[in-house]
Structure formats: structure tokens, C-alpha cells
Amino acid sequence: MATEPSPAPHQPLRADAARNRETVLAAATRAFAACDTEPSMREIARQAGVGVATVFRHFPTREALVDAVYQDQVVRLTAGASELLASHPPAQALRRWMDLFAQWQATKHGMTDTLLAMIDAGEISLAHTRQELLSAITMILDAGATAGDIRADARADDVCAGVLGMLAVAAKSTEPAQAQRLLDLLMDGLRPR
């Protein structure tokens, strides 16, 4: 596959370069979710159907790729809250958002070592990410309280802690359906009494 020249910082990517970047980002997201250990940049390039030089052109370091995947997933998760609320009642939107959150957690699986190193180095702010996630949850909870299908006393930090805890427990289970059952139980507890 032909490689495209790197654009100057102020120039937008050409259409083919933008497609290649998105293809690499999607392949990296899938690879990180599917691997127990961090996949090589060569493996990500293979899965994306591009040369490894194309991967490095868009993401010059593993950290740059991990950061791009992480930020992309945070945006998808936070934007997903609004999109789900636009098309579903709040309680249903929240339960579907929990599934998005589970997918986000799974994506981080194969990039844990690099992600933790970046967090330790201060390159990624967990506080900022946490605030974005809590804002997304709060938006759904507020809509649910107004609609009467989510308890008015539900707090975003409690929901976030509950989802994280349940996903952590389910990750150690040999039964894949356990995560869904646990999230359904949490959702049942969030319905008005």
C-alpha cells in the first residue's frame, strides 16, 4: 500500500490518509481488546491491512497509539450517553451505556502496561477522564429522575463504582454472561422503588 506524506501540523489529513488513520485506530482498538498482552505495532498494521510505516506515520510511538485509542474510546463513551438518550428512555439508555462502558474496559485490556506507564508519567489524566464519565452518567441519571424511570437519589459516582466493580469481578469469571447479569442487577437497583 502506498504511503502518504506526513502533513504539516496545521494541514488537515488527505482523505486517504484520514481513512488510513481511522483504519489503524479501529484495528488497534480491536487488537487491544482481544489480546492478553500488548500486540506489536507490526500486528496492528497487519490487522489494519497497512504497512507498519503507515502506523508509525500516524502514531510515531506506542504511547501515541495508546493515547489515541484511549481518547477515542472516552469520546465514544461520553458522546454515547447523549446519543442513547436521544433514542431511548433514560433507564434503557443507562443500561445500554453500561454495555458501552464494558466495551471500553475491554479495549484497555491489551494496552494496560503502556496505559499505566502513561498515567504514572502524567501523560493521561484519570481525573479528567473520570469527570467526563461522571458528567455522562449524571446526564442520564438526571433525565431518568425527571422521567421517573431512574431513582432520583442515584449518584453518578456510585453508578460508576458499581459498574467498575461488577466488571472487575466478571473479568475473573469463567462465565462470559456474568457481566451482563450483574449489570442487569445494578440497573434493577437504580429503578424507582
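User: Which residues of the largest nonpolar core touch the most other members?

Analyst: This is a predicted model, in which local features need pLDDT of at least 70, side-chain atom pairs count only at pLDDT 80 or more, and totals for chains, interfaces and linings use all residues. Residues are numbered from 1 along each chain as its sequence is written, and side-chain values use heavy atoms, with hydrogens and water left out. A nonpolar core is a set of buried Ala, Val, Leu, Ile, Met, Phe, Trp, Tyr and Cys residues joined through side-chain atoms within 4.5 Å. Among the 54 residues of the largest core, those that touch the most other members are Leu 65, Trp 97, Met 98, Phe 101, Ile 150 and Leu 190.

User: Which helix supplies the largest share of this core?

Analyst: Helices (H or I, at least four residues) and strands (E, at least two) are DSSP runs, numbered from the N terminus. At least two core residues come from each of α1 (15-34), α2 (41-48), α4, α5, α6 (112-120), α7, α8 and α9 (178-189). The largest share is 9 residues, and its source is α4.

User: How many helices and strands does the protein chain have?

Analyst: Along the sequence the pattern reads α-α-α-α-α-α-α-α-α. The count is 9 helices and 0 strands.

User: What percentage of the residues in the protein chain are buried?

Analyst: Buried means under 20% relative accessible area, exposed over 50%, and partly exposed in between (1.4 Å probe, protein chains only). In soluble globular proteins, nonpolar side chains tend to be buried together. Of the 193 residues in the protein chain, the buried share is 39%.

User: Is Val 24 buried or exposed?

Analyst: Val 24 lies in helix α1. Leaving aside neighbours within four places in sequence, Val 24 is in contact (heavy atoms within 4.5 Å) with Ile 44, Ala 48, Val 50, Val 55, Phe 59 and Leu 65. Its relative accessible area is 0%, so Val 24 is buried.

User: How are α4 and α5 oriented, roughly parallel or roughly antiparallel?

Analyst: Axes are lines fitted to C-alpha atoms, for helices over the stretch in contact, and angles run from 0 to 180 degrees between N-to-C directions. Angles under 35 degrees count as roughly parallel, over 145 as roughly antiparallel, 65 to 115 as roughly perpendicular and the rest as oblique. The axes of α4 (residues 62-87) and α5 (residues 90-107) come within 9 Å and cross at roughly 170 degrees. That makes α4 and α5 roughly antiparallel.

User: How do the residues of the contact of α4 with α5 divide?

Analyst: Ala, Val, Leu, Ile, Met, Phe, Trp, Tyr, Cys and Pro count as nonpolar, Asp, Glu, Lys and Arg as charged, and the others, Gly among them, as polar. The α4 side includes Val 69 and Tyr 70, and the α5 side includes Trp 97 and Phe 101. The division is 13 nonpolar, 3 polar and 1 charged.

User: Is the crossing of α5 and α7 left-handed or right-handed?

Analyst: The axes of α5 and α7 come within 9 Å and cross at roughly 160 degrees. A crossing is left-handed if the near helix is turned anticlockwise from the far one by less than a right angle, and right-handed if clockwise. The crossing of α5 and α7 is left-handed.

User: At what angle do α7 and α8 pack?

Analyst: Helix α7 covers residues 126-147 and helix α8 covers residues 156-171, with their axes 9 Å apart. The packing angle is about 110 degrees.
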